[in-house]
Amino acid sequence: MLFESTRQSAPAATVEEAIAAGLAPDGGLYVPQKLPVLDIGHFDGAQARGQSFHSDPPTLPDVATRLLAPFFDGSTLAPELAAICREAFDFPVPVVPFDDSTDVLELFHGPTAAFKDVGARFLAACMSHLPRPDGRELTVLVATSGDTGAAVAAAFHGRPGLRVVILYPDGRVAARQAHQLGCFGGNVHALRVAGRFDDCQRMAKAALSDSGLNTQVPLTSANSISLGRLLPQMTYYAQASLLHWRATGTRINLVIPTGNLGNALAALWARAMGLPIGDVRLACNANRTLPDFFAGDAYSPREAIATLANAMDVGAPSNFERLMSLYHGHAEGARLAGFAEAVDDAEIADVIGRHASHYLFCPHTATAMKVRERMAEAGDRRRWTIVATAHPAKFDSVVEPLAARAVPVPPALAAMLARPSHAEPLAAEDAALREWLLQPSMASTASVLRTRPSLGKMESTAKR
């Protein structure tokens, strides 16, 4: 299988080339030239552990190996795919009942308590198996609005030949998120950017597209623009849909919180591949770029605004290019994929507080719950599965006052919060990042930083 750029002016790439590059040379995002179509029977029969789907449900690594095999067929990674899946997907992704018509797909049981662990761990395992002929260190560049950076840091920490550089908007991520980003050290570097997430994303894209810089400092991406992040995100939708089909004989309907559109696009790709996925609804915060598009307006990127669901504070979602590619550039076709709704901070707070005695939602998952409630109020009596993207303990300063109780901290998160944390300031300028990457030893000098005062002081919450 070959992969092409969404902008269609770069050579087709193998899966190894697409994963290693992150971004296509023309600035586009890699997509399969043609998505494979699989029937449900593809997941029957002997599994990796000698199981039959009909006699014993397969594990996530089992489903992932079968789902992703067509994308890796003939590649140097193909013989390692099953081992990569077992290494990456070593934590549960359960579907738990919420009420008589709503389930919750919990994606926050990984090491950093967010769904980004799935894609980051798979990408790191792939990168560790890819040969580097010149032996030079590869820098994994990631822009984060909160959860991506910690997941990438945890997945790549200590891996030889790989350096991680994280860009995050200073003062615009939760305190515990910020602490996670800076607590690794070693081959992981956290840079707090004096701007918004969209600035971080722009800076990362500019660096990845700079051929001269890449010649001197080999770069790749670990954002959802990376094919190696997006492909594995299909796997939990595949597993959940197969189990739902087995139990009910019906397709699973999904409400997915989204900001940069990667998680939602993974569900749309899985559905296009033939998995038993029914309707897909997107839940956004007050950033209305996607809701306005799905309502019929022209796509119009804009400056992001800060909300309680900070990891979704995105005004220019990168994966919109992949959405349009899936529907061959036809906006009306893309709109038929589902709809997106905006949920404001007051509604997020209401959902968290109202359900706190029964289920603790993080602010992002609360947007999905609100959209689900709106559908029920409008008379939709079908069963829906909302996607829980992060553990509420990551957002204690938001959730605990609303819930009027403490949120238990998962052991892995508690261990990270107990470490010291450090991040370097950086101006929201492409040139500042370029200079930091070229001269990391000079990154702390005033000539490189040129940054205004911190938007928010990072703090450790280990003792809260």
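User: Which residues of helix 7 are buried?
Analyst: Phe-197, Asp-198, Asp-199, Cys-200, Gln-201, Met-203, Ala-204, Ala-207 and Leu-208 are buried. Buried means under 20% relative accessible area, exposed over 50%, partly exposed in between (1.4 Å probe, protein chains only). Helices are DSSP runs of H or I with at least four residues, strands are E runs of at least two, and both are numbered from the N terminus.

User: What kind of model is it?
Analyst: A predicted one: local features need pLDDT of at least 70, side-chain atom pairs count only at pLDDT 80 or more, and totals for chains, interfaces and linings use all residues. Residues are numbered from 1 along each chain as its sequence is written, and side-chain values use heavy atoms, leaving out hydrogens and water.

User: How many of the twelve residues in helix 7 are buried?
Analyst: Nine, so the helix is mostly covered.

User: Switching to Gln-239. Where does it lie?
Analyst: In helix 9, residues 227-248. Gln-239 is buried, at 11% relative accessible area.

User: What does Gln-239 touch?
Analyst: Pro-58, Thr-59, Leu-60, Val-63 and Val-93, not counting residues up to four places away in sequence. Contact means heavy atoms within 4.5 Å.

User: And Pro-32, buried or exposed?
Analyst: Buried, with a relative accessible area of 8%. Pro-32 lies in strand 2, residues 30-32.

User: Which residues is Pro-32 in contact with?
Analyst: Met-1, Leu-2, Phe-3, Phe-71 and Trp-269, leaving aside neighbours within four places in sequence.
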